[in-house]
Amino acid sequence: MNFLYFDTIDSTNDYLKNNYNDLNDLTFVSCRTQTSGKGRSNRKWYSDGNNLLFSLLIKNKELISKYKDISIITAYSIIEVLKEYKLNNLYLKWPNDIYVGNKKICGILLEAISKVEIECLIVGVGLNINQKIFNEDYINEPTSISLELNKDLDIEILKDKVYKQIELNLKRIENDYDFYSKIKELDYLKNKEVYAFINNQKQKVKVIGIDLDYSLKVILDGNTINLNSGEISFHLEKEDI
Ligand code: BTN
């Protein structure tokens with residue numbers, strides 16, 4: 001593992017995108033604050049300087065070939081660490097958000113750099129740790145560990161645990177370890193009715209749950225289909241789109 005840290009940077013994902021040629025596999029780059037933090041679907045990622053923001057570079061071909069598993073396993077690894085801190089009611093909202101009850105505590109942005117084939121993956125993580133006031137406009141109501149546990153945490157200690165857990169679980173997926181039984185117990189969307197953009201159309205689906213290959217099994221117009229992340233974006237009924 002290699003570690004880089006910046007006090008302020010535009011975006012840790014963009015840093016890796018611009019420098020991946022000169023960096024080793026499993027480089028983690030973290031920062032205190034970002035000037036252009038990015039969320040999924042071209043949204044901004046806001047953070048007040050009291051959270052964990054990092055991106056991980058993956059160049060290893062075996063892991064790149066398992067790119068569909070990467071963000072879900074990253075989310076699962078973070079959940080394992082959060083459980084150590086006695087945070088309860090944790091869910092994995094397919095494909096890559098972590099929720100405490102109905103509030104979002106962590107988001108993951110997976111990006112791939114491709115030429116002829118995928119050269120590398122960049123896994124960007126924003127985990128709310130000590131932030132207490134969220135003033136921006138959020139689609140999903142946010143929370144932080146500190147709001148949930150009523151105490152502040154040492155971000156460096158937590159970061160170290162998160163890095164180690166992700167590395168361990170990436171090794172496990174390289175060796176085909178099956179996380180499915182653990183992941184399906186954390187499924188936030190299971191049995192919910194949600195709107196999904198499928199082929200650029202907003203459609204209502206009934207979620208059956210995360211399937212064996214980590215795609216999402218849903219019922220659309222009476223037919224069971226499997227959705228892959230990247231093809232769709234999801235919104236619960238009450239959420240703006
Ligand atoms: C989402 O839920 O929309 C994904 C959010 C990902 C945010 C992280 S913060 C560190 C990394 N750098 C970025 O610009 N984005 C990711």
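Biologist: Let's start with K66 and E62: what do their side chains meet in?

Modeller: They meet in a salt bridge, with N and O 3.3 Å apart. Keep in mind as we go that this is a predicted model. The general idea is simple: side chains of opposite charge can pair when their charged atoms come close.

Biologist: Are K66 and E62 buried or exposed, or something in between?

Modeller: K66 is buried, because its relative accessible area is 14% and the cut-off for buried is under 20%. E62 has 38% relative accessibility, so this residue counts as partly exposed.

Biologist: How many salt bridges are there by this rule?

Modeller: The count comes to 17 salt bridges. The side chains of E156 and K159 form a salt bridge at 3.5 Å, N to O. K164 also has a partner, D160, and their closest N and O atoms are 2.9 Å apart.

Biologist: Why are E156 and K159 separated by about one helical turn?

Modeller: Because they are three residues apart in helix 5, which covers residues 155-174. K164 and D160 are likewise separated by about one helical turn, being four residues apart in helix 5.

Biologist: Which residues are linked in a network of salt bridges?

Modeller: D14, K17, K38 and E111 are linked that way.

Biologist: Let's turn to cysteines. How many disulfides does the rule give?

Modeller: The count is zero. To read this, look at the sulfur distances, since a disulfide needs two cysteine sulfur atoms within 2.5 Å. For C31, the closest cysteine sulfur is in C106, 14 Å away, so the two are too far apart for a bond. For C120, the closest is in C31, at 18 Å, again too far for a bond.

Biologist: Are C31 and C120 buried or exposed?

Modeller: C31 is buried, with a relative accessible area of 5%. C120 is buried too, at 0%.

Notes: Residues are numbered from 1 along each chain as its sequence is written. This is a predicted model: local features need pLDDT of at least 70, side-chain atom pairs count only at pLDDT 80 or more; totals for chains, interfaces and linings use all residues. Side-chain values use heavy atoms; hydrogens and water are left out. Buried means under 20% relative accessible area, exposed over 50%, partly exposed in between (1.4 Å probe, protein chains only). A salt bridge is a side-chain nitrogen of Lys or Arg within 4 Å of a carboxyl oxygen of Asp or Glu. Helices (H or I, at least four residues) and strands (E, at least two) are DSSP runs, numbered from the N terminus.
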